Amino acid sequence: MSTSSPTPVLCQPTSYQLPPPPIRPKIEVDPSRLRPTSPFEEEDSLMGTVGLELTVFGLEHVSPDSARDHLMRILNELRNQYEFPPVNVRKADASSTLDYAYITLSSSVTSPRPDILEDLRLILNTLPNIYAIWRVCSGRDRTRRVFFSFSTDGEARSMLTPLREWFGARRFAIMAERITHPPSDSQTRISFDLFRESDVEQVLQTPPFLRGSTLCPGRPRYIIPKYGGEVAIGGIAGLGNLESCLNHHIQRDFGQDAIAYSRIELEDDVYCVIFKDWTTTQDFLKKTQDGLPAGWFTYGATIGKPTLLFSFNTQEAPPNPITRPASTASIESPVQVQFDAFRNEALQFTSTLNAALDRISLVEERQERNNQKLSRMIAAQFLIGDLNSDLLSHENEVHRLNDRYDRCQEQLCSLSGSSSDAHQQLTSSMQVINERRQVVSKEVESLRSEVRAIRHKLLSDSQLTLPSPTSTVTSSSLIRQHSPSSEGDQLATPWPFKDNGLMCNGLKSPSPVLG
């Protein structure tokens, strides 16, 4: 990352009259944009060093200049609807491709005017996919950052590539990454700045499991300012609710109307206050530059020095050095060792439990598949039973037709010297019987084919062997003594007749071949 400040670009109206500052600032609170955290990195020039700067997100990020150029176009379009003074638009980094840029008032505005920037921030937040906040701290933005801590620099560097691959496999778009050594922490950090806040939340909810252990992600400590020039006093945790006490002393010494807004943040450790104007802010910081007056606290408590929230965030929201032990090595080391041991045991137990759950899930899936196969096989067996019932009924009908045909043939042979009408009637009856036999025999073959297809499907889809249905009729019951073949499944010429052109009194009986 470049250490030099990117050159700002002036976005200037054709004509503009600077309005007078408001008596009190308008404070708008957006809960969705507020979350504690903190940073470390290089300082910036311009008014941004005192926190009077906006960060605008959701901009184009094709090249290092695209975010700034996009913001310039947005501001130029807004000038057609709104009036605001000249502003400087600055890239967040000279060489990196980021989706945000900074806005400050130009040098033509000689005194700090956070009210103008606040109005501009509210206007920008009405645009789709664009949102603006007061700049949190020096260096790159950290509101979408997650980091992983390692005991040594070598361990951190060895995990950088696996972490990149883990993020890539989940399609978490990485805007920037770095290995850092924060001054307040003896460990080495791998930090990832992501494009989407939802991806950050996903990483926190489902941390990476790499090389046999879960890496616990962290987020920086900071407080998003609600207004430019907000002041922070840290190190008040454990001293009770000091907000009302501090408000009382500030209003007594700086005027009843000095405070526009106050709050307690970072687990009751930081008191934040917005004064009615920049003059009161400067007066308060100047008079408390060596710390708050001792008379403000009757029990002699000493807390952090007041500073701009922007600077407080840049220092990683430090706790009160008075309340921190002079040496934490002798106290924290045994606790840390015990915690690490407990954490390793928990990770091993979690891994074992997950493996057991995976095996149980696999067994359940197999059992479910087997149950489904068994259900299909039972349904198929019922279907085969129904088909066999129909098959038996058709076989019986064929049997009856054969008997009727035989009787007609016998009567035809016995009609020697009878009238031709009787001959004609018997011949016609035999023809009708024969046609019906052909139809029924085809239905029998169709039923047999369907049964065979179902059994073949069952055997091919399942490793279970399907038992032969007891209701299946053997082929021999279909073929009477007329059949030249005893194989019931072979019906190339089903139901042939025994006469084969038998001559009776000069008449040849019909000998149809069914097929």
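**Close-up views of a predicted model**

**View 1. L266 is found in the loop between strand β12 (259-265) and strand β13 (270-275).** The model is predicted, so local features need pLDDT of at least 70 and side-chain atom pairs count only at pLDDT 80 or more, whereas totals for chains, interfaces and linings use all residues. Residues are numbered from 1 along each chain as its sequence is written, and side-chain values use heavy atoms, with hydrogens and water left out. Helices (H or I, at least four residues) and strands (E, at least two) are DSSP runs, numbered from the N terminus. Although L266 is not a glycine, its phi is positive, at about 50°, and with 5% relative accessibility the residue counts as buried (under 20% relative accessible area, with exposed over 50% and partly exposed in between; 1.4 Å probe, protein chains only).

**View 2. N129 lies in the loop between α2 and β5.** Phi of N129 is near 65°, again a positive value in a residue other than glycine. Most residues other than glycine have a negative phi. N129 is exposed, with a relative accessible area of 71%, whereas L266 counts as buried.

**View 3. Helix α1 (residues 66-78) and helix α2 (residues 114-124) cross at roughly 100°, their axes coming within 12 Å.** The axes are lines fitted to C-alpha atoms, for helices over the stretch in contact, and angles run from 0 to 180 degrees between N-to-C directions. The two helices are therefore roughly perpendicular to each other (65 to 115 degrees; under 35 is roughly parallel, over 145 roughly antiparallel, and the rest oblique). On the α1 side, I74, L75 and L78 meet L120, I123 and L124 of α2, where contact means heavy atoms within 4.5 Å.

**View 4. Helix α2 is largely enclosed by the rest of the structure, because nine of its 11 residues are buried.**

**View 5. F57 and Y100 form a tilted aromatic pair, with ring centres 5.5 Å apart and planes at 45°.** Rings of Phe, Tyr and Trp (its six-membered ring) pair if their centres lie within 6.5 Å; planes under 30 degrees apart count as stacked, over 60 as edge-to-face and the rest as tilted. The pair links distant parts of the chain, since F57 belongs to strand β2 (residues 54-57) and Y100 to the loop between β3 (87-91) and β4 (101-105), 43 residues apart. F57 is buried at a relative accessible area of 1%, and Y100 is buried at 2%.

**View 6. W166 and F167 form an edge-to-face aromatic pair, 5.3 Å centre to centre and with 85° between the planes.** Both W166 and F167 are buried, and they belong to one aromatic cluster together with F148, F172 and F192. The structure holds 12 aromatic pairs.

**View 7. R135 lies over the face of Y102, at 3.9 Å from the ring centre.** Elsewhere, the charged end of R437 sits over the ring of Y405, 4.3 Å from its centre. A charge sits over a ring if NZ of Lys or CZ of Arg is within 6 Å of the ring centre and within 35 degrees of the ring normal.
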